[in-house]
Amino acid sequence: MPWLRAVWREPRYDAEAAFTAMIATRTGRPAGDLAVRVEAGVLNTALRIGVEDWALRSDRAGGPSPRRR
């Protein structure tokens, strides 16, 4: 799975910045606030784990899509 992590590295950093901005805007808190950054990191990690789990399943063709999961 190292190859998958390498592919994900750059988009994950970009996504985390976007999630941080989104959470800050929607909550009225500053983007530099630690809680906002942690929330963005948790969201980003949860999405990564979900997609990795889906990608590694041998039965994924018959199972739910990542979006439904």
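Reply: Gladly. Start with Ala24, which sits in helix 1. Keep in mind that this is a predicted model.

Me: Is Ala24 buried or exposed?

Reply: Compare its relative accessibility with the cut-off: buried means under 20%. Ala24 has 8%, so it counts as buried.

Me: Which residues does Ala24 touch, leaving out those up to four places away in sequence?

Reply: Ala24 touches Arg29, Pro30, Ala31 and Val36.

Me: Which residues make up the largest nonpolar core?

Reply: A core is a set of buried nonpolar residues joined through side-chain atoms within 4.5 Å. Here the largest one has five residues: Phe19, Ile23, Ala24, Val36 and Ala40. Helix 1 gives the largest share, three residues.

Me: What does Phe19 contact, leaving aside neighbours within four places in sequence?

Reply: Phe19 is in contact with Ala40, Leu43, Asn44 and Leu47. Of these, Leu47 is found in helix 2 (residues 34-56).

Me: How accessible is Leu47?

Reply: Leu47 has 44% relative accessibility, so it counts as partly exposed. Leu47 also belongs to a nonpolar surface patch with Met22 and Leu43. Together the three have about 220 Å² of accessible area.

Me: Now helix 2. Which of its residues are buried?

Reply: First the general idea. An α-helix has 3.6 residues a turn, so residues three or four places apart point the same way. In helix 2 the buried residues are Val36, Ala40, Gly41, Asn44, Arg48 and Glu52. They pack against helix 1.

Me: How many salt bridges does the structure hold?

Reply: Side chains of opposite charge can pair when their charged atoms come close. This structure holds two salt bridges. In one, the side chains of Arg48 and Glu52 meet at 3.1 Å, N to O.

Me: Why are Arg48 and Glu52 separated by about one helical turn?

Reply: Because they are four residues apart in helix 2. Check burial too. Arg48 has 17% relative accessibility and counts as buried. Glu52, at 6%, is buried as well.

Me: Which side chains meet in a salt bridge at 3.0 Å, N to O?

Reply: Those of Arg29 and Glu39. This pair links distant parts of the chain, ten residues apart. Arg29 is in the loop between helix 1 and helix 2, and Glu39 is in helix 2.

Me: How accessible are Arg29 and Glu39?

Reply: Arg29 has a relative accessible area of 27%, so it is partly exposed. Glu39 is at 34% and also counts as partly exposed.

Me: Let us step back to the whole protein. What does its secondary structure come to?

Reply: Two helices and zero strands. Buried residues make up 16% of the 69 residues. The accessible surface comes to about 5200 Å², and 59% of that belongs to carbon and sulfur atoms.

Me: What percentage of the contacts with a separation of 6 or more joins residues 24 or more positions apart?

Reply: For this protein, 35%.

Technical notes
Residues are numbered from 1 along each chain as its sequence is written. This is a predicted model: local features need pLDDT of at least 70, side-chain atom pairs count only at pLDDT 80 or more; totals for chains, interfaces and linings use all residues. Side-chain values use heavy atoms; hydrogens and water are left out. Buried means under 20% relative accessible area, exposed over 50%, partly exposed in between (1.4 Å probe, protein chains only). Contact means heavy atoms within 4.5 Å. Accessible areas come from the Shrake-Rupley method with a 1.4 Å probe; for residues, only the protein chains shown count as cover. Patches are made of residues with over 30% relative accessible area and no salt bridge: like charges are joined within 9 Å, nonpolar side chains (Val, Leu, Ile, Met, Phe, Trp, Tyr) within 5 Å. A salt bridge is a side-chain nitrogen of Lys or Arg within 4 Å of a carboxyl oxygen of Asp or Glu.
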